[in-house]
Amino acid sequence: MLYEVEPQEEGQDITDEILQKTVAALTQRVDILGVSEPNMTIEGDNRIRVQLAGVEDQQSARELLSKKANLSIRDADDNERLSGSDIQENSASVNFDDSNNPIVMVSLRDGDRFGEVTENIINEYSLPNNRLVIWLDYEEGDSYEEEPMKEDPKFISAPAMSEPLYTQDMFDAE
C-alpha cells in the first residue's frame with residue numbers, strides 16, 4: 001500500500017519529522033493486526049509504502065491504516081479528560097532520563113487546563129487509580145480496568161498523578 005501524507009493545515013510543509021511520526025503511528029496500528037516484520041519505507045517527500053506480509057483481508061488493513069489517529073487522555077474510569085486537540089501540533093519528542101530510560105514529551109496548548117485535569121484526578125481517585133491513561137484510538141468498550149491484564153494493552157501509557165501539574169509540558173517515562 002502506498003500512502004500520501006497531506007498537511008493538516010494549509011501552507012504546512014511535510015517535513016521528515018512529520019513523515020517519521022506518521023510511520024511510527026502506522027507501525028503502532030500494524031501491531032494491532034498482529035503482522036510480524038512489517039516493512040515501511042518513506043518514498044519521496046510525502047509518501048510512505050507499507051508492506052504487510054501475510055495479511056489476508058487487505059481492505060480491513062487499508063481502512064485501519066488510513067483513518068486519522070485519535071489521541072485521548074482519560075482517567076481510570078475511561079472518561080476523556082484531554083484530547084489530541086489539547087496538544088500542540090508536532091510537539092511530541094522522545095528523550096532519555098539520567099538512567100537512559102525513554103521519556104515521551106509533548107507540549108499542551110493550555111498548561112492551566114492540564115493542571116486542573118491532574119488536580120481533579122488526584123482529588124477524585126486514590127492509588128492505584130489516580131492515573132492519566134493515554135490512548136491512541138480508544139474505542140467504545142475499551143477499558144483501562146481490563147487492558148493492563150492483557151499481554152499487549154491498547155493504551156500507550158498510564159502515569160500516576162501525585163501532584164497537580166500546571167505546566168504545558170507533559171512527559172512520561174516508560
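This dialogue goes through several features of one predicted model and how to read them.

User: Which conventions apply to this model?
Analyst: The model is predicted, so local features need pLDDT of at least 70 and side-chain atom pairs count only at pLDDT 80 or more, whereas totals for chains, interfaces and linings use all residues. Residues are numbered from 1 along each chain as its sequence is written, and side-chain values use heavy atoms, with hydrogens and water left out.

User: What is a nonpolar core, and which residues of the largest one touch the most other members?
Analyst: A nonpolar core is a set of buried Ala, Val, Leu, Ile, Met, Phe, Trp, Tyr and Cys residues joined through side-chain atoms within 4.5 Å. Buried means under 20% relative accessible area, exposed over 50%, and partly exposed in between, with a 1.4 Å probe and protein chains only. The largest core here has 19 residues, and Ile121, Leu132, Val133, Trp135, Tyr144 and Phe155 touch the most other members. Helix H3 (111–124) and strand S8 (133–136) are the elements that give two or more residues to this core. Helices (H or I, at least four residues) and strands (E, at least two) are DSSP runs, numbered from the N terminus. Apart from this core lies another, of 15 residues, including Met40, Ile48, Leu52 and Ala61.

User: What is Leu132 in contact with, leaving aside neighbours within four places in sequence?
Analyst: Contact means heavy atoms within 4.5 Å. On that basis, Leu132 is in contact with Ile73, Arg74, Phe114, Val117, Thr118, Ile121, Ser157, Ala158, Pro159 and Met161.

User: How does strand S4 pair with other strands, and how many bridges join S4 to S8?
Analyst: Two strands pair if DSSP finds at least two bridges between them. Four bridges join S4 to S8, and the two run antiparallel; Leu71 stands opposite Leu136 in S8. S4 is also joined to S5 by three bridges, again antiparallel. S4 and S5 form a hairpin with five residues between them.

User: What counts as a salt bridge, and how many does the structure have?
Analyst: Side chains of opposite charge can pair when their charged atoms come close. The criterion is a side-chain nitrogen of Lys or Arg within 4 Å of a carboxyl oxygen of Asp or Glu. A search of the whole structure finds eight salt bridges. One of them joins Glu17 and Lys21 at 3.0 Å, N to O. Glu17 and Lys21 are four residues apart in helix H1 (residues 16–33), so about one helical turn separates them. Glu17 is partly exposed at 41% relative accessibility, and Lys21 is partly exposed at 27%. Glu43 forms a salt bridge with Arg49, with the closest N and O atoms 2.7 Å apart. Asp75, Arg81 and Glu124 are linked in a network of salt bridges.

User: What is the bridge partner of Arg74 in S5, and is Arg74 buried or exposed?
Analyst: The bridge partner is Glu80. Arg74 and Glu80 also form a salt bridge, the closest N and O atoms being 3.4 Å apart. Arg74 is buried, with a relative accessible area of 11%, whereas Glu80 is partly exposed at 45%. Arg74 also lies over the face of Tyr138, at 3.6 Å from the ring centre. For that, CZ of Arg or NZ of Lys must be within 6 Å of the ring centre and within 35 degrees of the ring normal.

User: How are aromatic pairs read, and how many does the search find?
Analyst: A pair of aromatic rings is described by the distance of the centres and the angle of the planes. Rings of Phe, Tyr and Trp (its six-membered ring) pair if their centres lie within 6.5 Å; planes under 30 degrees apart count as stacked, over 60 as edge-to-face and the rest as tilted. The search finds three aromatic pairs. Trp135 and Tyr138 form an edge-to-face pair, 5.0 Å centre to centre with 85° between the planes. Trp135 and Phe155 have ring centres 5.8 Å apart and planes at 65°, so this pair is edge-to-face. Trp135 lies in strand S8 and Phe155 in strand S9 (residues 155–157), so the pair ties together parts that are 20 residues apart in sequence. Trp135 is buried at 0% relative accessibility, and Phe155 is buried at 15%. Trp135, Tyr138, Tyr144 and Phe155 form one aromatic cluster.
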